[in-house]
Amino acid sequence: MLRKPSPQQQELEMVTLESLVPVDHLLRKIASAIDFEFIRDRVSHLYCPDNGRPALDPVVLFKLLFIGYLFGIRSERQLMREVQVNVAYRWFLDLRLTDKVPDASTLSANRRRRFADSNIYQEIFDEIVVQAMDQGMVDGRVLYTDSTHLKANANKGKFEVLQVEQAPSQYLSMLDEAVQGDRQAHGKKPLRAKDDDGPPPTAEKKISKTDPDSGYMTREGKPQGFFYLDHRTVDAKHSIITDSHVTAIVHDSQPYLGRLDRQRERFGFEVQWVGLDAGYYTPTICHGLEQREIQGVMGYRRPNHQPGLFYKRQYHYEQSTDSYVCPQGQVLPYKTTNRVGYREYHSDRSVCADCEQRSQCTRSANQTKVVVRHVWEDAKDRANERRLSAQGKKIYARRKETVERSFADAKQLHGQRYARMRGIRKVREQCLLAAAAQNMKKIALVLARLLLRLKPQPTLLEHLYRAWALLKPKNSIALTARAIAA
């Protein structure tokens with residue numbers, strides 16, 4: 001029978017927020033798994049203790065931000081509208097049904113003024129990692145690192161081309177020492193020191209007029225425009241994010257060792273293995289990992305090759321004599337070590353002049369073949385051997401299940417395809433909060449599954465009774481229940 005429903009919006013009901021929120025809601029699981037009280041202690045020095053208007057509780061403020069990242073709400077104004085009508089959000093924030101929701105400007109004002117020069121976002125992220133460690137979800141033995149791009153809040157057509165000073169590599173001093181030591185070992189004179197009085201090197205670079213901190217990306221197979229890079233490290237045990245670091249468009253290897261050292265120092269990790277993609281397969285990274293007694297497993301990248309010439313692998317390196325042997329059997333002895341860290345091995349010009357395969361070997365005007373080998377090339381060779389080992393293959397296969405899946409979730413569910421704000425400092429805040437939200441979600445879900453396994457299972461008699469109750473008439477169930485109890 002079809003009946004017209006009567007309006008019930010004005011009826012009074014005796015309800016509680018506790019009864020309105022489903023028992024399996026994500027925010028319930030997070031509230032039971034994560035302790036947020038540490039936030040108040042970390043930001044207390046940023047508030048006046050005895051003067052001014054009452055401030056919004058910082059725990060509520062950051063919980064609001066976390067709700068936005070957990071459920072992919074990019075706009076703070078939209079976030080306030082969602083909190084206004086969502087009872088689960090109100091329950092998580094300890095707000096009553098009739099409590100006024102904070103204004104969106106309160107969030108932005110605190111972010112722009114109160115927390116602008118603080119390190120609170122990094123501290124909150126670190127504390128969530130520590131709580132995961134306390135639950136036994138992070139051990140720090142195997143770490144996976146990669147980077148992904150976030151589209152900057154900038155028009156790719158609005159830029160100016162400027163000459164920008166190039167920052168020297170942070171590993172340059174270490175490389176200089178290795179070069180001088182290698183030259184000394186080969187009986188060569190030390191290289192003259194660089195002239196620091198001259199102008200620093202510059203390069204032509206596109207600078208966005210909207211967000212000057214962003215970098216212009218032009219990579220094969222990647223979108224073109226202004227982007228930021230989020231360099232992320234994930235622990236292998238439960239894919240908990242242990243580090244998030246934002247840069248403009250730089251090579252993945254540049255910040256890697258520094259961020260790895262930070263994690264080892266901050267969390268006390270005893271890292272044994274790291275899994276990295278081919279972008280990290282550089283002499284500096286391989287050597288740096290060996291110095292730290294860490295075994296690296298890195299992807300393979302096909303080397304550059306000019307058509308019509310021999311591959312470098314066709315020149316065999318002789319470790320005992322420190323020389324190369326060309327495909328025709330000529331020995332290329334060591335000549336020198338250049339400033340950028342490469343040993344040079346030169347062929348005999350008189351032999352190459354009459355060689356039938358010289359056109360496949362070199363096209364140089366002086367008819368001399370030069371093969372180069374980095375001073376840390378041995379470390380690269382050992383890393384490549386680990387990649388081909390059974391343990392190396394097993395570790396590398398988990399990259400797609402850990403750090404790559406972490407990025408996929410961040411972009412699909414937590415709004416990490418785009419930078420919400422402008423400026424590298426604000427984008428770092430975004431990435432740290434998004435990573436912390438992902439960690440909280442992971443901790444809560446893992447603990448919920450664990451509790452479900454520990455929950456006592458129904459006995460065989462209870463299973464039989466439930467099955468029988470579904471089949472028998474309702475009026476006989478009570479009589480049978482009393483009989484079983486008797």
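## Basis of the values

The model is predicted, so local features require pLDDT of at least 70 and side-chain atom pairs count only at pLDDT 80 or more, while totals for chains, interfaces and linings use all residues. Residues are numbered from 1 along each chain as its sequence is written, and side-chain values use heavy atoms, with hydrogens and water left out.

## Enclosed cavities

A cavity is a set of points, on a 1 Å grid over the protein atoms alone, where a 1.4 Å probe fits but cannot get out; its lining residues have an atom within 4 Å of a point. Grid points are joined across faces, edges and corners, and a volume is the space filled by probe spheres set on the points. Two cavities of 30 Å³ or more are found by this rule. The largest cavity holds about 70 Å³ of space. Its lining comprises 13 residues, and those nearest its centre are Thr 145, His 231, Thr 233, Tyr 256 and Arg 259. Two or more lining residues come from each of β5 (225-235), β6 (241-247) and α10 (256-267), where helices (H or I, at least four residues) and strands (E, at least two) are DSSP runs numbered from the N terminus. The largest share, four residues, belongs to α10. By class, this lining has four nonpolar, five polar and four charged residues; Ala, Val, Leu, Ile, Met, Phe, Trp, Tyr, Cys and Pro count as nonpolar, Asp, Glu, Lys and Arg as charged, and the others, Gly among them, as polar.

The second largest cavity has a volume of about 30 Å³. It is lined by Tyr 281, Met 298, Gly 299, Tyr 300, Ala 383, Asn 384 and Arg 387. Helix α14 (residues 377-388) makes the largest contribution to this lining, with three residues. Four of the lining residues are nonpolar, two polar and one charged.

## The largest pocket

A pocket is an open set of points with protein on both sides within 12 Å along at least five of seven lines. The volume of the largest pocket is about 1600 Å³. It is lined by 40 residues, and Pro 303, Lys 312, Arg 313, Glu 377 and Lys 380 are the closest to its centre.

At least two lining residues are supplied by each of β9 (316-318), β14 (370-374) and α14. Helix α14 gives the most, with six residues. The lining of this pocket divides into 16 nonpolar, twelve polar and twelve charged residues.

## A nonpolar surface patch

Val 340, Tyr 342, Val 370 and Val 372 form a nonpolar surface patch of about 290 Å². For such a patch, residues need over 30% relative accessible area and no salt bridge, and nonpolar side chains (Val, Leu, Ile, Met, Phe, Trp, Tyr) are joined within 5 Å. A salt bridge is a side-chain nitrogen of Lys or Arg within 4 Å of a carboxyl oxygen of Asp or Glu. Accessible areas come from the Shrake-Rupley method with a 1.4 Å probe. Val 340 lies in the loop between β12 (334-337) and β13 (342-346) and counts as exposed at 53% relative accessibility (exposed means over 50%, buried under 20%, partly exposed in between).

## Positive phi at two loop residues

Glu 293, which is not a glycine, has a positive phi of about 60°. This residue is placed in the loop between α11 (283-291) and β8 (295-298), and its relative accessibility of 72% makes Glu 293 exposed.

Asp 322 likewise has a positive phi, near 50°, in a residue other than glycine. Asp 322 is in the loop between β9 and β10 (323-325) and is buried, with a relative accessible area of 15%.

Notes:
Patches are made of residues with over 30% relative accessible area and no salt bridge: like charges are joined within 9 Å, nonpolar side chains (Val, Leu, Ile, Met, Phe, Trp, Tyr) within 5 Å. Buried means under 20% relative accessible area, exposed over 50%, partly exposed in between (1.4 Å probe, protein chains only).
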